[in-house]
Amino acid sequence: MTDLKANIKTSPGAPAVLDCPVPHPGKMGRAWNLIRTALAQLRQLRAYTTASPEILHNICALGLIQVATYSLPLVTLPYVLRVVGIQRYGILAFASSFIAYLVILTDYGFRLSAPRAISVHRDDPVRVSAIFSAVVFIKLLLLLISSVVLWAGLRLKQDLGVYRTVAYYTFGLVIANALSLTWFFQGMERMKYITYLSIGSKLLYTVLLFTFIRKGADFIYIPLISSVTEVLAGAIGIAIAVNIFKVRLVFSRYELVTTLREGWHTFVSSVSINAYTVTPVFAVGLFGGPRLAGCYSVAERLASLFQTFPIASVLQALYPRLSNIYSRKPLESYRVMMLAQHATTFVYIISLPVLLAVSPFAIHLVTNSTSPETITSFRLLAIGVVCINANAFRVQFLLVSGRHNVYSRIHMCFGVAGSGAVFLGAYFFSYVGPAVGLIVVNVLVLLWTQWEVSRQGPYEQLVSVPERAGRIFSKANQK
């Protein structure tokens with residue numbers, strides 16, 4: 001493997017992503033070498049994105065979304081907590097965790113499968129329209145099924161009170177998800193439209209929130225405001241796709257079946273993943289009540305900031321590009337993925353101790369309180385975030401390389417185990433149990449994914465047979 005790595009050459013103009021500093025002897029030397037290697041990988045990743053203006057532009061556009069997504073809530077969340085209180089906020093979080101399952105259903109894994117399909121065929125307008133039509137039709141059908149599921153679920157129990165109203169208002173987010181074309185703009189690598197729509201909807205939400213939410217009883221209108229702004233953004237996105245990208249509704253039975261089949265593995269995986277990532281707030285609220293659900297939800301929102309900013313923009317920007325490159329140059333796609341993964345792991349590991357130390361101050365700044373439940377939950381969730389992001393690009397590459405079965409197998413297994421761990425943890429250990437359970441599950445997913453990559457020999461599989469034969473012949477001549 002060492003000889004093979006040494007022989008790998010990058011394409012003209014691309015950075016040498018496998019270059020590493022020469023190791024220093026001794027324990028301190030090895031530690032210093034790890035730091036130098038990580039810094040070198042960060043420089044190489046910057047060189048790669050700089051050499052590809054489209055990727056850099058997309059990362060910046062998506063980065064602006066991340067800034068808006070998490071900076072505006074840092075303004076609105078303290079206001080909401082002060083006006084409605086942690087108890088009512090817990091009701092909103094509990095209802096949102098239930099509606100999240102319906103969002104997963106309408107998404108059907110298209111968040112990952114559809115951008116890849118659009119990216120590969122984006123130079124074929126007819127094929128793009130066929131994929132677009134298939135995805136939209138399936139999502140609208142799943143939206144109809146979701147509405148029936150919500151109505152039936154709320155009819156089973158009559159004494160829900162305010163929960164029923166909040167659930168109906170929150171269902172607008174399911175409609176918005178069905179209308180959202182984030183997957184389309186991501187596949188076309190035109191992230192600026194995602195930026196415009198996302199930032200616009202969040203600014204409108206913030207203005208409406210401060211305008212209409214003035215007392216505690218107004219809390220039921222918060223999900224309604226969120227739903228209206230997101231649905232409006234989805235409708236504008238459809239207008240952009242039709243008028244600027246000239247997509248048309250084209251019924252194709254072949255494309256419909258293909259889209260369903262390609263989205264199935266990611267759908268099953270998404271259900272499995274969200275079974276233990278969405279469930280904690282629901283489980284804490286079920287066994288601990290609205291107040292603990294509110295505390296855990298606040299910690300979860302702050303931890304998600306650490307998890308997604310800024311890595312989410314890089315993941316979204318690189319995913320369609322890696323898919324496109326993989327169809328032509330699998331090895332180059334693999335090299336860029338590993339470069340991004342190593343750099344990300346390094347950044348998050350060195351950031352974790354700082355975050356744990358300043359967490360009480362940060363939570364007090366946002367919530368105007370130092371609730372021990374929120375601080376403890378946040379610290380545990382932050383550890384889990386490092387485990388997730390130390391594996392993010394590697395997991396994504398399973399989809400880029402077409403290994404959907406491996407991707408779904410990993411997440412199906414741990415989805416079931418994780419859900420059980422979350423509910424049992426919440427029942428026996430309150431809010432601490434789900435957070436610890438998530439850490440264990442994320443570590444096991446990390447180990448399994450790394451084992452799959454090393455077991456399948458990524459270099460040997462991605463290098464073509466003639467190229468390997470040429471190397472063997474070259475080595476034989478040298479001997």
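This is a predicted model: local features need pLDDT of at least 70, side-chain atom pairs count only at pLDDT 80 or more; totals for chains, interfaces and linings use all residues.

Visitor: How is a pair of packed helices described?

Guide: Take helix H12 (residues 279-288) and helix H18 (residues 404-429). Their angle is about 30 degrees, and their axes are 9 Å apart. Helices here are DSSP runs (H or I, at least four residues), numbered from the N terminus. Axes are lines fitted to C-alpha atoms over the stretch in contact, with angles from 0 to 180 degrees between N-to-C directions.

Visitor: Why are H12 and H18 called roughly parallel?

Guide: Angles under 35 degrees count as roughly parallel, over 145 as roughly antiparallel, 65 to 115 as roughly perpendicular and the rest as oblique. H12 and H18 are therefore roughly parallel.

Visitor: Which residues of H12 and H18 meet?

Guide: H12 brings Thr279, Pro280, Phe282, Ala283, Val284, Leu286 and Phe287; H18 brings Val422, Phe423, Ala426 and Tyr427. Contact means heavy atoms within 4.5 Å. By class, this contact has 10 nonpolar, 1 polar and no charged residues. Ala, Val, Leu, Ile, Met, Phe, Trp, Tyr, Cys and Pro count as nonpolar, Asp, Glu, Lys and Arg as charged, and the others, Gly among them, as polar.

Visitor: What is the angle between H13 and H15?

Guide: It is about 140 degrees, with axes 11 Å apart. H13 and H15 are therefore oblique to each other. In their contact, Val298, Leu302, Phe306 and Gln307 of H13 meet H15 residues including Tyr348 and Leu355.

Visitor: How do I find empty space?

Guide: Rolling a probe the size of a water molecule over the atoms shows where empty space is left. On a 1 Å grid over the protein atoms alone, a cavity is a set of points where a 1.4 Å probe fits but cannot get out; lining residues have an atom within 4 Å of a point. This structure has 3 cavities of 30 Å³ or more.

Visitor: What lines the second largest cavity?

Guide: Its lining includes Phe110, Ile131, Glu255 and Gly263. H11 gives the largest share, 5 residues. The lining divides into 4 nonpolar, 4 polar and 2 charged residues.

Definitions and conventions
Residues are numbered from 1 along each chain as its sequence is written. Side-chain values use heavy atoms; hydrogens and water are left out. Helices (H or I, at least four residues) and strands (E, at least two) are DSSP runs, numbered from the N terminus. On a 1 Å grid over the protein atoms alone, a cavity is a set of points where a 1.4 Å probe fits but cannot get out, and a pocket is an open set with protein on both sides within 12 Å along at least five of seven lines; lining residues have an atom within 4 Å of a point. Grid points are joined across faces, edges and corners, and a volume is the space filled by probe spheres set on the points.
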